[in-house]
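Subject: Structure for you to look at

Hello,

Here is the structure I promised to pass on. Please open it beside this email and follow along.

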Amino acid sequence: MDAKTINKFPIREYLAGRGVRPAKERGYYGFYHSPLREDRTPSMKVDYDKNLWIDYGAGEGGTLIDLVMRMERCDAGEAMRRLERRIGESPVSSFYGTNPPLPKRETLMTVDAVRPLENPALLSYLTERGIDLGMARVHCSEVHYRVADKSYFAVGFRNDAGGWELRNRYFKGCTSKAPTTRHGDYPTCLVFEGFMDYLSHLTLKHASKPLHDVVVLNSVTNLVKAVPFIASHEQVYAYLDNDEAGRKATAELKAVCRNFSDRSVLYRLHNDLNDYLRSCCPVKECRHSLGRKL
């Protein structure tokens with residue numbers, strides 16, 4: 001049985017056989033707590049139609065065989081042999097390898113080049129997200145990187161660890177985990193969950209730089225690192241996601257900040273600020289109205 005045939009076996013069924021079930025489902029895809037690492041917020045997406053997975057927190061993904069290699073710590077040949085045996089069995093159950101696990105292999109991401117943001121595919125992606133390209137060029141770069149000897153490129157946003165948050169139409173990941181802080185000695189601070197929300201705010205405000213200090217968490221798991229800086233301000237405005245993780249992070253910030261404003265109520269019918277921007281991107285009046293409120 002070849003790899004193409006094996007990779008047609010549903011990832012959802014493989015995970016179910018390992019006792020891993022979705023925390024959230026949206027029809028054609030599900031979000032799981034990643035079985036590859038400690039993951040308090042479901043951040044591994046499985047596309048049921050394409051039968052592909054991506055772990056946003058770890059910055060890796062791929063086919064069923066790739067997932068088996070990572071979960072069972074074996075090479076591609078052994079993963080295929082285990083899957084071939086499993087496909088010949090019924091019902092879905094006991095999808096465990098009998099061989100002792102091999103040492104964990106780390107997927108290394110290497111940055112090859114950082115350039116001004118000019119790649120047409122990346123500019124098209126940002127336009128689809130409703131982002132003003134002038135704002136994006138000021139705050140982002142074009143990052144070329146390699147994973148397992150394969151070359152890729154993405155929109156890059158620098159974080160406080162000196163690494164990059166990376167986004168393109170097919171990938172969401174990072175070279176290191178850290179928030180991004182922008183210091184301007186202002187008494188006020190804006191807090192965003194991701195840099196697309198930060199760029200959305202600038203697009204809506206028609207401003208290349210806000211007259212506030214800024215924290216982009218790049219993940220709610222980075223909140224604990226950013227809290228001391230955020231809480232030092234006289235007034236904090238939070239633009240976090242309207243989901244369970246975002247609401248929890250908002251509550252944690254409210255508990256430690258002297259004066260706190262939850263701005264997510266302004267886009268409460270949408271998951272995040274960028275979702276709102278995209279929903280009203282063609283409607284300039286709506287866009288300008290929220291821009292004034294923000």
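Which residues does Leu 117 touch, not counting residues up to four places away in sequence? Leu 117 touches Leu 122, Leu 123, Leu 126, Ala 136, Arg 137, Cys 140, Ser 141, Glu 142 and Val 155. Keep in mind that this is a predicted model.

Now the core. The largest nonpolar core has 27 residues. Leu 117, Leu 126, Val 155, Phe 192 and Phe 195 touch the most other members. Several elements give two or more residues to this core, among them helix H5 (120-128), strand S8 (150-158) and helix H7 (195-205). H7 supplies the largest share, six residues. There is also a second, separate core of 21 residues, including Trp 53 and Leu 83.

Next, look at Asp 39. This residue sits in the loop between strand S2 (29-32) and strand S3 (44-47). Asp 39 counts as buried because its relative accessibility is 14%, and the cut-off for buried is under 20%. Its side chain reaches the backbone nitrogen of Ser 34 at 2.7 Å. Beyond its neighbours within four places in sequence, Asp 39 is in contact with Tyr 32, His 33, Ser 34 and Met 44.

Last, two loop residues to check. Asn 51 is not a glycine, yet has a positive phi of about 55°. Asn 51 lies between S3 and strand S4 (52-55). At 12% relative accessibility, Asn 51 is buried. Asp 185 is not a glycine either, and its positive phi is about 60°. Find Asp 185 in the loop between strand S11 (180-182) and S12. Asp 185 is exposed, with a relative accessible area of 78%.

Best wishes

Technical notes: Residues are numbered from 1 along each chain as its sequence is written. This is a predicted model: local features need pLDDT of at least 70, side-chain atom pairs count only at pLDDT 80 or more; totals for chains, interfaces and linings use all residues. Side-chain values use heavy atoms; hydrogens and water are left out. A nonpolar core is a set of buried Ala, Val, Leu, Ile, Met, Phe, Trp, Tyr and Cys residues joined through side-chain atoms within 4.5 Å. Buried means under 20% relative accessible area, exposed over 50%, partly exposed in between (1.4 Å probe, protein chains only). Helices (H or I, at least four residues) and strands (E, at least two) are DSSP runs, numbered from the N terminus. Contact means heavy atoms within 4.5 Å. A polar contact is a pair of N or O atoms within 3.5 Å; within protein, one must be able to donate a hydrogen and the other to accept it, and residues adjacent in sequence count only if both atoms are side-chain atoms.
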